[in-house]
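This report describes selected local features of one protein model. Please consult the sequence and structure shown here before reading on.

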Amino acid sequence: MMNFEGLDPGLGDYAPGLHGGLEPGLDSSLDPRLDPALLQGVEIDPDGLAVSESVHIVEGMYSELHSVAAEVGIPVTATHFDLQEELLWMGNHRGHASSFFGPTMGRYSSFQVHMTDDIRHIQSMDTGVLFLTKNNLRCLTRGGFIMFDYPMEEGADMHSLILTENNTLLMGGLQNYVAELDLTTVQETQKFTVEVPGVAIMRQTSRFFFCGHTSGKVSLRDLRTFKMEHEFDAFSGSLSDFDIHGNLLAACGFSSRGLNGLSCDRFLMVYDLRMMRAVTPLQVHVDPLFLRFIPTYTSRLAIISQTGQCQFCEPTGLASLADIFHVNTVGQLLMSFDVSSSKQALSFGDSGGCVHLWSSAPEVSYNSYSRDTELALPCLVDSLPQMDWNHELMPLSLLPMPLTSTEPLLSDWPTALIAPSPRRAPPVDPEILRTMKTVGFIGYAPNPRTRPRNQVPYKIKDVELDYDSYNQVPESPIGRDEEPHLYMVPKKYRKVTIKYSKLGLEDFDFKHYNRTLFAGLEPHIPNAYCNCMIQVLYFLEPIRCLVQNHLCQKEFCLACELGFLFHMLDLSRGDPCQASNFLRAFRTIPEASALGLILADSDEQTGKARLGRLIQSWNRFILAQLHQETLEQEGPQAYRGASSSSVLSSSGESVISRLFGCEVENSSLCCCGKETVRSSLTLLFTMHYPEQSSLEKKIEEYEFVDILRKSICLEQSTQAWCDNCEKYQPTVQTRNIRCLPDVLVINCEVNSAKEAEFWKAQTEYVFNKALKKEAAEPPKPKEPLPTEWCLEEELCNVEGLTFDTQAEDMRHVWIPLSLRMCISKAQGLEVSSLTEGEELTESEEAEGVSIYDLFVTVSHVQDTRTGGNMVAHIKVGETYHQRKEGVTHQQWYLFNDFLIEPIDKAESVQFDVNWKVPAVLYYIKRNYHTKFDLRIKNPIEASVLLTEASLARKQRKSHATFIPLMVSEMPQVGDLVGLDAEFVTLNQEEAELRSDGTKSTIKPSQMSVARITCVRGQGQNEGVPFIDDYISTQEQVVDYLTQYSGIKPGDLDAKISSKHLTTLKSTYLKLRFLIDTGVRFVGHGLQKDFRVINLMVPKDQVIDTVYLFHMPRKRMISLRFLAWYFLDLNIQGETHDSIEDARTALQLYRKYLELSHNGGQEEFRKVLKALYEKGRKLDWKVPDIDSADGQGTAVFPSVMGL
C-alpha cells in the first residue's frame, strides 16, 4: 500500500531515456538525478544485468546473495516470489515487469504491463501471473503473453488483491468498495461496501479476511459475507503494513504528532486473535515500514525500515540491537519487500531500480516443491558442429539453407487438402422424431437407448460401430429387453441397483429379483461390499446360533450387531434387510480402518476398490474379531472399547476357534542347523501358487488338492533372525498342522493377471480331460434339476450355463465339490478329491479320514461398466429350508445383494476368470454341526426397560420427559405401545434431473435415528412416555432437520446435551424386547421408522395410522391433518415432537376403532371420502386455529404431575 507522498518528491519523475538497457560504459551524466554512487561495487553485464560479487552465506543467517539492476533509476514498486516456480518477479514505477530465475537471478522474462501506471501488486497463479495497477488488472503468462486484461471503472485507485476460493479474487484500494472478480469468466461478481478511505492491504486466514486501512485501523471480516466482525484501532496516523501468524497479528504504522504531521511509530501493535485484544506493544530499534512473520523454529518477525535496516525479533519478547542487519541500497530507499514461501529468501526493491536477494541458505529454494521452469532453447546456429567439406559421406542436409527459390516446399499441401471441411451433425434418430412431443420450441422424447448416455457418436466409417446399450441391471423389470448377447457377464451376476421413486422403496419390485423366502441385503449403504460374506456367516448354523445367543455391554460389538441382523434374516419372508447398524459399528473398529477395509463412497461407486483382495482381508478380519469378542463375553459385562490386539489367543477357546481353528506348528531351520518351533492357532489358509519361470511359456498342470496341501503345509525360504548366529540368515520355514478344522476356509489369492492365467490354464486342462473321457464313454442321461423353484410352463434352465453334456459342466472348473483329508504320522497331511457318491470305507473312518464338502464360493465379478461386485454361491442346508419353506432338502443359491436365485451345483464351481474370479472357498466337514449346541436362547431380558443412566453430563431429573416402566407394568402380548422416531441426515441424497424436468434419485439420503419415543397404550397412565431416548452418534451430521425432527445441534452431544442421551444399542435392545414380547406398535409411517432403526417387525404387530385412514390409489395423509380433522388438535406447529406424535397416533387408533365399530366398514368408507374431499378443498393444509393449541395435551396427565 506504499504511498509515494512520504518519499523524496523527485523520485516520481524519471527521464524516459533510462528505459533502455545499459551499456558497460554508461555515464551517470545521462540523467542529472542518477546518483553516481549507485553503480559503485556493481558489475554490469552486457545484457543489462547487474550482479554483485559472490558472498559467503552462513547457514541459518540471512545474507545478501545477489543484486540486480532491472531498470536503473526507476523505483521497484512491487516484488513477489513465484509460488509455483523458482522465479522472482518485480514491477516498477513505469509499468514494466521482469522475472529472474533461481538464486543466480538470471533474467527469465521482461515485458511492459501498463504504459503509464506503476505496478502495485503481483500475484502468481498456476497458469499465469496477475499484475495490479491503479485501475487495471492484467494476467499474463510467465513468458509475457496476455491472458486477459480487466480495466476498472473510472476513479478506482487499487492497491492490493488477494486470491480466494472457487477461483475468485478480491481487489481493494482507496475507494469505498472491494470488488470480487471471477477469474473463470473475468467478470465482476459483486462489490462489498467498505468505509472511506478504503482498503489498502489485505490478508487472509482460515477464519477471517483482514483489511488494513490508511486510517490506521485493521478490520476482521467474514469469509463469506465480508461483513465486519471486529476492528482494531492500531495507529492514530496511518497504517504501513501488518501480518498474521497463528493467533497473533502484528502491525506497524505512523502516529499523529499534531502540527508536525505523521511520524513513524517504533512501537509495533500486537493483537491476540483468540481474545481479540491487544497485548504488550513491541518496541523496535528501526523505523518500521514493512513487517512479515518468518516462522522457523519460532514465530520471528522481520521489520524493515525505508532506509534498508532490518531487525528480527519475537512478537512477544524484547528486540535486540544484535539482530539488526543492513541492506546496501547505496543511499536509495526501499519501496517493496517480500518473503518466499519456503522462508529461505527475502527480496527488497529500492527506489534506484535494484532488486536485492537475501538468503539464509547457500542453495536457496523459493518453494518447498517447485515445478520445472520452461527455459528457452539455445540458438542452434551458435551450437552447430564443425563440418568437414572434404568428407565424402558428410550429409549436406545438416547445413540449414535459406529458401532462395520460388518453388513450393514438400510441406506445402494442396489447397484441396487444407480447405476447412466441417463435420456435420448426424441425423436425429427417426424413432426420436416419431415419439417426440413439442412444447413451444422444445421437443421431448423417450430415449430409444440406441446410443451411450450423453454421447452422440459420429459416423466416421462406412459401417457404424455396434454400441451396447447396457448401463446397469434394470431398475424395474417391466418392459426391458435382454442386453446384447455379446456382453460377457450374465444378467444375474451384474451389480444390482434400486430404483427410487417418490414413495421411496414401496413400489420397487424386489420379488422380481428374489422369489425365494430367504432375505437379501440392500447394497446402497457404505461398505456394503461385504453383504455376500454376511450371508455366508448366516448360513453357517453354529455361527448363526452363536451370535444370536451373544450379548455384551460394548457399544460397538460386531458379534452383537450380527446377532441382531441374523434375527432379522430369520424373521424375513423374502423381504430384503439392510446391515446398516452392523456396518455402522464396523466403521468404528480401529483394526478395520487400519487394514483399509473401510472404503470411501467414491471408491465404491467408481470401482477403484480392489474388491477381490478386500473381501479376503475382510474374511480374515471378521473371523479374528468374532473370536476375540466371543472370548471377551466370559469377563464382566461393562462398557469396553474394542480390543487393540488382533493376535489370536490360544489360551481361551471360543466357538469360532472350535469351528475354524486349526493348530499349526511353525518350524524355522537356520543354515547353521538351529531349529525353532512355535505353535499358533490359524482360522484360515491362503493359496500359494507355484512360481512360473519367465522362460517357460506353457504353464504346468497341477491338481487343486496338491496346491491346497502345499499351501496348508507351506514351506518357503526367507531371511530371518537367528539367535544362534546373532544375525539375519537364510532360513527354511515349514508349517504343519496338528488337527483338521470343522470348516476349512481358503483365501484364493487370485489378485493379479499371473494368478488368473494359472487358474485359467488349470481349468482348460480339466475341461480337455473331460472331453476326452466323454468321447471315450457313451453319454449318460443327466439328472433333472430340482423343480421346487421352476416356474410353471418354464424350462428348468439357468442363464449363463448350458447343460448339454456332462463335459460342459466341467468348463471353467478346477476345484472339486468334495475333499478327502487326513493327517497320518508317516506322510503328514493327505488331501485328495472325492468323486460324487463316493463314501469312506470303515478302515478310512478308523484312520480318522474326513470328508469335506464344498459349502461356499465367493467370487469377484469384474464388470468394467459397473465397477464390479461380489457374489456368493452358498449350499443352503436342510434346517434353513425347514424353517422357511417347511421342506427338507439342500440347494445351491446365488446371493447377489438382494438378488437370490437357485443354481445348479456345477455353476458354483465354474470360474471364468475373464469376469468371475474366485476369492473365498469354504469346505465343511460332514456332520460337523452335531457337536455344537444349536439352540437359541434370547439373551435380551426385561431389565433393559428399567431405569438407566444418561450419557449427557447436564441431564437432570427435572428435565425428565418420561417415566420408566415399573416391574408391575411390564408389557404383555397384544399390549399397545405408541411409537414415534425422529431422524437426522448423515449424507444428502444424490439425484439427477432428467431432460423432461423430473428428478430421479440415484442414491437416497443416509438417515440416522436421533430420538425414539414409546408411550403407554393402556392403563391409568395411558399416553405417558416410558422411553424417550436421544441417540448419541459419533458420525458427522450434515442436517439436523430441526423443522421436522425437533432435534437441535447439541442435543446429541454428551458434553452439552440436557436430554436423556443413550447409545443406539441400548435403545435397540428395548425395542427388540418389546417386539419379542409381542406388543403391538401404533404410530404414523412406522415402516420408514423401523427401516432406519434397522428393525424387522412382524406385520401383525404394526398398526400404522397412515394406512388405517387411506383409500386405495389415493395419497397418504399427514398426521397433522388427521389430528386436526378427527381430533380437533393442532400439532406440529413450529416443529415436530415425538411424544406428541406418538400420543396423537394412539388417539387416532382409538378414533378408528370407534368409527369402524359404530358404523361398520360402509360408514367408515363414507368418513374417508369426506376426509379426502375436505383435504382437496384445503389443499391438505391445516387452517390456523388459535384455540386448538393445548387441547391434545389435556387428554393425558403430564409427566411431572405423576
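Strands are DSSP runs (E, at least two residues; helices are H or I, at least four), numbered from the N terminus. Two strands pair if DSSP finds at least two bridges between them. Strand 24 (residues 277-278) runs antiparallel to strand 23, with 2 bridges, and Tyr271 stands opposite Ala278.

Tyr271 also faces Leu249, in keeping with the antiparallel pairing of strand 21 (residues 248-256) and strand 23 over 4 bridges. Of the 6 residues of strand 23 (residues 267-272), 5 are buried, so the strand is largely enclosed by the rest of the structure. Buried means under 20% relative accessible area, exposed over 50%, and partly exposed in between (1.4 Å probe, protein chains only).

## Annotated binding site

An unreviewed UniProt entry annotates Asp980, Glu982, Asp1089 and Asp1141 as "binding site"; such annotations may be inferred rather than shown by experiment. Although spread over 162 residues of sequence, they cluster in space, with a largest C-alpha distance of 12.9 Å.

Asp980 lies in strand 48 (residues 976-987) and is buried at 8% relative accessible area. Asp1141 belongs to helix 21 (residues 1138-1177) and is buried at 4%. Contacts (heavy atoms within 4.5 Å) of Asp1141 beyond four places in sequence include Asp980 and Glu982.

## Basis of the values

Residues are numbered from 1 along each chain as its sequence is written, and side-chain values use heavy atoms, leaving out hydrogens and water. For this predicted model, local features need pLDDT of at least 70 and side-chain atom pairs count only at pLDDT 80 or more, whereas totals for chains, interfaces and linings use all residues.
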